[in-house]
Amino acid sequence: MNVHESEKIAGILTESGYVPCERAEDADVIVFNTCCVRENAEQHAFGNIGMLKKLKKDKPELVVAVCGCMTQQGDFARRLSETFPFIDLIIGTYNIDKFGELLKKTVETKKRVIEILEKNGEICENISPLRSSFPNAWVNIMYGCDNFCSYCVVPYVRGRERSRKIEKILEEVKSLVNDGYKEITLLGQNVNSYGKDFKEKGVDFSRLLREIGRIDGKFRLRFMSNHPKDLTEEVALAISENPHACKAVHLPVQSGSDRILSLMNRRYTREKFLSEVSMIRKIIPDCAISTDIIVGFPTETEEEFSETLSLVKEVGFCGAFTFVYSPRAGTKAAVMDGQIDAETKKDRIMRLVDLQNAINRADSEKYVGKTVEILVEDFDEKKKAYMGRDERGKMAYFPYSEKIVGKFIDAKITSASGMSLIGEVEKVKG
Ligand code: SAH
Ligand code: SF4
């Protein structure tokens, strides 16, 4: 979400006549697009902004701007502006379409501008992102979240769920495919509730998937995140019947313990999650299922943590984003009794990561000797090899003498190296 939002800000800057540069010293404007979902992201932002102090002193005409969800949280903007008096512009998440206008005001008046709205307005459709993730393109299908998981700050800083009109999404996907993008990733905090805020009935996530399935051309379709409480058989069928959809579902489980899931306000049980996994695998054979997991939620016992480990083993996720719980101001969990000490959280995350790594390695081994279709994403200068992924999201490296970023290839996997695969190109398909 944030990466795509940065692309939108870059698009606004381009329209205002700015061009990207490599080094901070050469910049006229530096924008920090922040995230407050987890504490360490926030600490990074503070550290990085602080590092600009000297540059700004040497070059007072430099404009330093801060946006993203951190600015929308509590008294954060005030603390930010007091800690860093050199910041020129602070803008919230609800009025990002006004970024160009407010930047102009800052430059012209040489005065600090802070504009943070309390509530979101209409979805803004007139920003052209400056995309930086070819051959993938991110496409928002909705904004905000209504779920209020007890640990999560997103509903407070991104507002209520708002779905984009289906025509706008289809228009954007078609034009991206025409422009040569080979992978479209639909974005929403809970893609399975797409359309629930529309007055007219009949437009939901499975309908959106089916409509995208009718678009011509060879491209991959991905989407994230699915919420286990809302993923239906209808959606699984729409994935399996879609010629573009990858056999991959990102389904964040967060915990394997029913008591913790309930405290998290996730509104599903371990049993429901497992039955959903079986349903997905029945309807979409070989489907790769990845997840998000939080360890050290308040009051989580060793036994409850081991239920997470056993669930991870049972499902055999093809990948997991693992997080140490961090209290976020304003959320219910932040004021719960029984916060877990840092030592215990560290121990749990390490055990979880070790387990997931072992599962990933075993998954990689299964690929050796097979030929898989890879979409080439990048050239890795250090490894002197191209990097790409198969439809399950497995990463592979392989040498090649010509430029092939953005092409589909068939690669024979010759060995597995931990998380990723090593292979050789058999056929470049275009
Ligand atoms: N809407 C998505 C998640 C968005 S946030 C979903 O529900 O799946 C991405 C991930 O960050 C979450 O899935 C969760 O695992 C993690 N996360 C969110 N708040 C957190 C917190 N306070 N501490 C640690 N991890 C957190
Ligand atoms: Fe946060 Fe839960 Fe919404 Fe995801 S579904 S953004 S975790 S509140």
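Tutor: Let's start with a cut-off: buried means under 20% relative accessible area, exposed means over 50%, and partly exposed is in between. Keep in mind that this is a predicted model.

Student: Okay, so why is Phe148 called partly exposed?

Tutor: Its relative accessibility is 31%. You'll find Phe148 in the loop between β6 (142-143) and α6 (154-158). Phe148 also has a positive phi of about 50 degrees, although it is not a glycine.

Student: Which residues does Leu186 touch, leaving aside neighbours within four places in sequence?

Tutor: Among them are Val139, Ile141, Phe205, Leu208, Leu209 and Phe223. Take Ile141: it is 45 residues away along the chain, yet its C-alpha atom and that of Leu186 are separated by 6.2 Å.

Student: Why are α8 and α9 called roughly parallel?

Tutor: Helix α8 (residues 205-213) and helix α9 (residues 233-240) pack at an angle of about 10 degrees, with axes 9 Å apart. Angles under 35 degrees count as roughly parallel, and therefore α8 and α9 get that name.

Student: Which residues meet there, from α8 and from α9?

Tutor: From α8 you have Phe205, Ser206, Leu209 and Arg210, and they meet Glu234, Val235, Leu237, Ala238 and Ile239 in α9. By class, that contact has 6 nonpolar, 1 polar and 2 charged residues.

Student: What is around ligand 2?

Tutor: Phe148 turns up again, along with others including Cys145, Cys149, Cys152, His227 and Arg266. By class, the shell has 7 nonpolar, 3 polar and 1 charged residues.

Student: Where are the cis peptide bonds at Pro135 and Ser225?

Tutor: One joins Phe134 and Pro135, with omega about 10 degrees; Pro135 is in the loop between β4 (113-115) and β5 (136-140). Another runs from Met224 to Ser225, with omega near -5 degrees, and Ser225 is in the loop between β9 (220-224) and α9.

Note on methods
Residues numbered from 1 in each chain as written. Chains lettered and ligands numbered in written order. Predicted model: local features only at pLDDT ≥ 70, side-chain atom pairs only at ≥ 80, totals over all residues. Heavy atoms only, no water. Contact = heavy atoms within 4.5 Å. Axes fitted to C-alpha atoms, helices over the stretch in contact; angles between N-to-C directions. Helix = DSSP H or I, 4+ residues; strand = E, 2+ residues; numbered from the N terminus. Parallel < 35°, antiparallel > 145°, perpendicular 65-115°, else oblique. Nonpolar A, V, L, I, M, F, W, Y, C, P; charged D, E, K, R; others polar. Near = heavy atom within 4 Å. Buried < 20%, exposed > 50% of the residue type's maximum accessible area, 1.4 Å probe, protein only.
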